[in-house]
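Here's a quick briefing to read with the model open beside you. Have a look at the rings, then the sheet, then the core.

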Amino acid sequence: MRVLLDENLDWRLARYFDDDCQVETVNRQRWKGKRNGELLELAAATFDVLVTMDKGFEYQQNISKYAIGVVIISTGKNRNNRLEHIQPAMLEVNQVIKDVQPGQVIRVNADVAKP
């Protein structure tokens, strides 16, 4: 499973993916600053799943036309994209990335994730 971490996520989050995941970051791909549509086109050519915290992603793009699944991690209003706020969601993220289909969006809430 090839996974791309969006630029709004800490690169250290890659450590928390299952061993069968090959994780890259938008920054390492040199795609930082790309608009979401362009990012989806580039990512779909190489990756199976894009993991992001961009809350508007599914509303700004017609994701069903791209050959990549998207997992959106959300946190509560008093939390942000810091590693310690997102890490609790990684068990669920690892489960859903196995099931997400191209063109599908799955949301994972870090505040209700089970440790």
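There is 1 aromatic pair here, counting rings of Phe, Tyr and Trp (its six-membered ring) whose centres lie within 6.5 Å. The partners are tryptophan 31 and phenylalanine 47, sitting edge-to-face at 6.2 Å centre to centre with 85° between the planes; planes over 60 degrees apart get that label, under 30 is stacked, and the rest are tilted. Keep in mind that this is a predicted model, where local features need pLDDT of at least 70, side-chain atom pairs count only at pLDDT 80 or more, and totals for chains, interfaces and linings use all residues. Residues are numbered from 1 along each chain as its sequence is written, and side-chain values use heavy atoms, with hydrogens and water left out.

**The aromatic pair in context**
- Tryptophan 31 sits in the loop between β2 and α1 (36-44), and phenylalanine 47 in the loop between α1 and β3, so the pair links parts of the chain 16 residues apart.

**Overall fold**
- The protein has 4 helices and 5 strands, taken as DSSP runs (H or I, at least four residues, for helices; E, at least two, for strands) numbered from the N terminus.
- Along the sequence, the pattern reads β-β-α-β-α-β-α-α-β.
- The C-alpha trace spans about 35 × 30 × 25 Å along its principal axes.
- Of the 115 residues, 46% count as buried.

**The sheet**
- The 5 strands make an open sheet in the order β2-β1-β3-β4-β5, with parallel pairing; strands pair if DSSP finds at least two bridges between them.
- β2 (22-25) and β5 are at the edges with a single partner strand each, so one side of each has no neighbour in the sheet.
- β1 and β2 pair over 4 bridges, and arginine 2 has glutamine 22 in β2 as its bridge partner.

**The cores**
- The largest nonpolar core holds 23 residues, with Phe17, Val51, Ile73, Val93 and Ile97 touching the most other members; such a core is a set of buried Ala, Val, Leu, Ile, Met, Phe, Trp, Tyr and Cys residues joined through side-chain atoms within 4.5 Å.
- α4 gives this core its largest share, 3 residues.
- Beyond its neighbours within four places in sequence, valine 93 is in contact (heavy atoms within 4.5 Å) with Phe17, Ile73 and Val108.
- A second, separate core has 14 residues, among them Trp31 and Phe47.

Definitions and conventions
Buried means under 20% relative accessible area, exposed over 50%, partly exposed in between (1.4 Å probe, protein chains only).
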